[in-house]
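Here is a briefing on one protein chain and its ligand. Please read it alongside the sequence and the coordinates.

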Amino acid sequence: MQVSNLPFLDLSEKQPFAIGDNRLCFRHPDDSGLCIKINRAGRAGRLRGQAPLYKRLRREKHFDDNWQEFYAFQQPAIRTGGPELWRHLPRCYGWVETNLGPALISDFFADPSGDAAPTLEQYLKHHGRTPEIDEALDEFCAFLRSSLVLTKNLLPHNLVVADLDRELRLILIDGIGLATLLPLAKHSTLLSRRHVEKRIRWFEHRLAWETGSRLESWQTAEAKFHRYARPRWRRAPSGRARGREEC
Ligand SMILES: Nc1ncnc2c1ncn2[C@@H]1O[C@H](COP(=O)(O)OP(=O)(O)O)[C@@H](O)[C@H]1O
Ligand SMILES: [Mg+2]
């Protein structure tokens, strides 16, 4: 029985075009230009259970990817930003109720054949660091620096590569928002600049690992990043990795 006032979509006959760690992604049955994402059953509760004690005190919706993403779209840089935002972010159109639970609607990005565009991770696996993708990466990082849109760590499987005739363009389809408990960066230009620069440095480190020999695990490579990216006096003793966000 439908209990909310939201429009309702029956997805029982539909297959998701992708399944992420947290969400099922479907094409919108009435509009192929839209994507609808639904939390995987029980995922938010499990994430909450695995979180450190101080984070577990927060309500379950803080572990709900869709709710977090919707909230992240309300950040000042997006609320007050211009049309250039939509070169690198999907638009978020709000909620719809489905038989699998509430779903968030956003733009769908297709490859030239109409299927979902490849992720940056898939692109790098097939083609490596081409001049075209380097140009797209430069443009994307310049966009972050000028818009100051706040993101979590930039994971290559959370960016898709849109192939637009003569150029490639990167779009962040997951990972908008802040993972920190205190969202200070939202309220200060200085802190948001620092936040963005840190995410870009982390992203560069991840890309180097992604396209390198991968002789060491990502956990080891990331621990090194955190160890050496900080001033000497703030470095943790070796081997102690920080708690982190992945999605
Ligand atoms: N708007 C979109 N357009 C095209 N492909 C998408 C879009 N959103 C997600 N995808 C694909 O679905 C996968 C999972 O989506 P994502 O939002 O990252 O889910 P999760 O929150 O579970 O990580 C992505 O890695 C990407 O391949
Ligand atoms: Mg994801």
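The points below run from the whole chain to single residues.

This is a predicted model, in which local features need pLDDT of at least 70, side-chain atom pairs count only at pLDDT 80 or more, and totals for chains, interfaces and linings use all residues. Residues are numbered from 1 along each chain as its sequence is written, while chains are lettered from A and ligands numbered from 1 in the order in which they are written.

**Confidence**

- The average pLDDT of the chain is 90, and 91% of the residues score at least 70. pLDDT is the predictor's confidence in each residue, from 0 to 100.
- Residues 238–244 fall below 50 in pLDDT. Beyond near neighbours in sequence, this stretch has six contacts in the model. Two residues are in contact if their C-beta atoms, placed from the backbone, lie within 7 Å.
- Where pLDDT is low, the predicted coordinates should not be read in detail.

**Overall fold**

- The chain holds eight helices and eight strands. Helices (H or I, at least four residues) and strands (E, at least two) are DSSP runs, numbered from the N terminus.
- The chain is as compact as a globular protein of 247 residues, because its radius of gyration is 19 Å, close to the 18 Å from the globule rule. The radius is taken over C-alpha atoms, and the rule is 2.2 Å times the number of residues to the power 0.38.
- The C-alpha trace spans about 60 × 50 × 40 Å along its principal axes.
- Of the 247 residues, 26% count as buried. A residue is buried if 20 or more other C-beta atoms lie within 10 Å of its own, exposed if 12 or fewer, and partly exposed in between, with C-beta atoms placed from the backbone.
- Among contacts with a separation of 6 or more, 62% join residues 24 or more positions apart.

**Ligand 1**

- The shell around ligand 1 has 23 residues, and A18, G20, N22, I173 and D174 are the closest. A residue is near the ligand if its C-beta atom, placed from the backbone, lies within 6 Å of it.
- Strands β3 (23–28), β4 (31–39) and β6 (101–107) each supply at least two residues of this shell.
- By type, the shell divides into eleven nonpolar, six polar and six charged residues. Ala, Val, Leu, Ile, Met, Phe, Trp, Tyr, Cys and Pro count as nonpolar, Asp, Glu, Lys and Arg as charged, and the others, Gly among them, as polar.

**Helix α3**

- Helix α3 (residues 65–72) buries D65, N66, Q68, E69 and A72.
- These residues sit on the same side of α3, because they cover an arc of only 160 degrees around the axis. The arc is that of the directions from the helix axis to the C-beta atoms.
- β3, β4 and β6 are among the elements that cover the buried residues of α3.

- L159 belongs to strand β7. L159 counts as buried, with 25 C-beta neighbours inside 10 Å.
- Leaving aside neighbours within four places in sequence, the contacts of L159 include T119, L120, L170 and I173.
- L159 and D174 are 15 residues apart in sequence, and their C-alpha atoms are 7.2 Å apart.
- G175 lies in the loop between β8 (167–172) and α7. G175 is buried, as 22 other C-beta atoms lie within 10 Å.
- G175 and N99 are 76 residues apart in sequence and 25 Å apart, C-alpha to C-alpha.
- I176 is also found in the loop between β8 and α7. I176 counts as buried, with 23 C-beta neighbours inside 10 Å.
- Leaving aside neighbours within four places in sequence, I176 contacts E69, A72, F73, L89, V149 and T151.

- L148 has phi near 60 degrees, a positive value in a residue other than glycine. L148 is found in the loop between α6 (131–147) and β7 (159–164).
- L148 counts as partly exposed, with 18 C-beta neighbours inside 10 Å. Not counting residues up to four places away, L148 touches A77, S192, R193 and V196.
- R214 also has phi near 60 degrees, positive in a residue other than glycine. R214 is found in the loop between α7 (189–211) and α8 (218–229), and counts as exposed with 10 C-beta neighbours inside 10 Å.
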